[in-house]
Amino acid sequence: MSRAVQLLYFARLREALGVAQERVELPEEVADIAALMAWLAGRGEAWRQEFAGCRPLRAAVNQTLVANSAGIAAGDEIAFFPPVTGG
Amino acid sequence: MQQADFDAGAEIAAFRLARADTGAVAAFIGQVRDLNDGQAVQAMTLEHYPGMTEKSLQDIVDRAKARWNIFDALVIHRTGELRPLDQIVLVAVSGAHRGEAFAACEFIMDYLKTEAPFWKKEQTPAGAHWVDARESDDRAKRRWNDADEPQAS
């Protein structure tokens, strides 16, 4: 069964990773944000630096801020970004 | 959300005139400073998350309306390239009396600064860098003790 999700990266992450968005097929064991971050951290040095917990990071699922324990499912839009600095 | 500048006077006037039982309008304007953390700022770029930004701002305004007896709230936020003295954001809140309008206006700004998905990148003589979030902004939000607050990671 397909477990495709849309991943979006903003600001510092978008520049450091060199990608704004991508569609990925989630492995069976990736069921929440924390597991997704651990999986992404394994993609290489730039990914490890952003997703291995060394730098502050926020996640949103379907455009709502969530904690790392939040579950993810096929079809979700999942965004990662640094703490916000608007206003 | 808009790239273009706005006429704060005209926006506030139209907002103020929308209801004849309005007795108070509290408004806040944020603008680009030419100095941040001791460095000269020549320009900045404001990035946002289209879709989530609108949803987040609507949620913040809804929470303010649930908490205070206010009539309406107006939020205009710019994105793209901005220079020192450019306006970034306008928040206006109307109500019958000033107390609730002041409080709700400050609440909306404190939540906008810590939840709405905007990011600033500053151009300085030493190069360009993404602005770090401030702990003082998180403290400003926490003092409202909002029970409905989403859990950030």
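**Entry 1: the salt bridge.** I started with B:Lys121 and A:Glu15, whose side chains meet in a salt bridge at 2.7 Å, N to O. I kept in mind that this is a predicted model. Counting between chain B and chain A gave me 2 salt bridges. I also found 15 residue pairs in polar contact between chain B and chain A, both partners at pLDDT 80 or more.

**Entry 2: who supplies the chain B side.** I then asked which elements of chain B each give at least two residues to the side that touches chain A. They are strand E4 (43–48), helix H2 (52–67), strand E7 (87–95), helix H3 (98–115) and strand E8 (118–124). H3(B) has the largest share of that side, with 5 residues. By class, I noted 17 nonpolar, 6 polar and 7 charged residues on the side of chain B that touches chain A.

**Entry 3: extent of the contact.** I looked up how many residues take part: 30 from chain B and 26 from chain A. Together the two chains bury about 2200 Å², with 57% of it on carbon and sulfur atoms.

**Entry 4: the largest pocket.** Next I went looking for pockets, and the largest has a volume of about 800 Å³. Its lining counts 42 residues, and nearest the centre I found A:Gly86, B:Lys113, B:Lys120, B:Arg134 and B:Asp137. H3(B) turned up again, giving the most to this lining with 8 residues. I sorted the lining of the largest pocket into 19 nonpolar, 8 polar and 15 charged residues.

**Entry 5: the second largest pocket.** Here I noted a volume of about 190 Å³. The lining includes A:Arg12, A:Arg55, B:Trp119 and B:Trp130, and its residues divide into 8 nonpolar, 1 polar and 3 charged.

How values were computed: Residues are numbered from 1 along each chain as its sequence is written. Chains are lettered from A and ligands numbered from 1 in the order in which they are written. This is a predicted model: local features need pLDDT of at least 70, side-chain atom pairs count only at pLDDT 80 or more; totals for chains, interfaces and linings use all residues. Side-chain values use heavy atoms; hydrogens and water are left out. Contact means heavy atoms within 4.5 Å. Buried area is the accessible area (1.4 Å probe) that two parts lose on being put together, summed over both. A salt bridge is a side-chain nitrogen of Lys or Arg within 4 Å of a carboxyl oxygen of Asp or Glu. A polar contact is a pair of N or O atoms within 3.5 Å; within protein, one must be able to donate a hydrogen and the other to accept it, and residues adjacent in sequence count only if both atoms are side-chain atoms. Helices (H or I, at least four residues) and strands (E, at least two) are DSSP runs, numbered from the N terminus. Ala, Val, Leu, Ile, Met, Phe, Trp, Tyr, Cys and Pro count as nonpolar, Asp, Glu, Lys and Arg as charged, and the others, Gly among them, as polar. On a 1 Å grid over the protein atoms alone, a cavity is a set of points where a 1.4 Å probe fits but cannot get out, and a pocket is an open set with protein on both sides within 12 Å along at least five of seven lines; lining residues have an atom within 4 Å of a point. Grid points are joined across faces, edges and corners, and a volume is the space filled by probe spheres set on the points.
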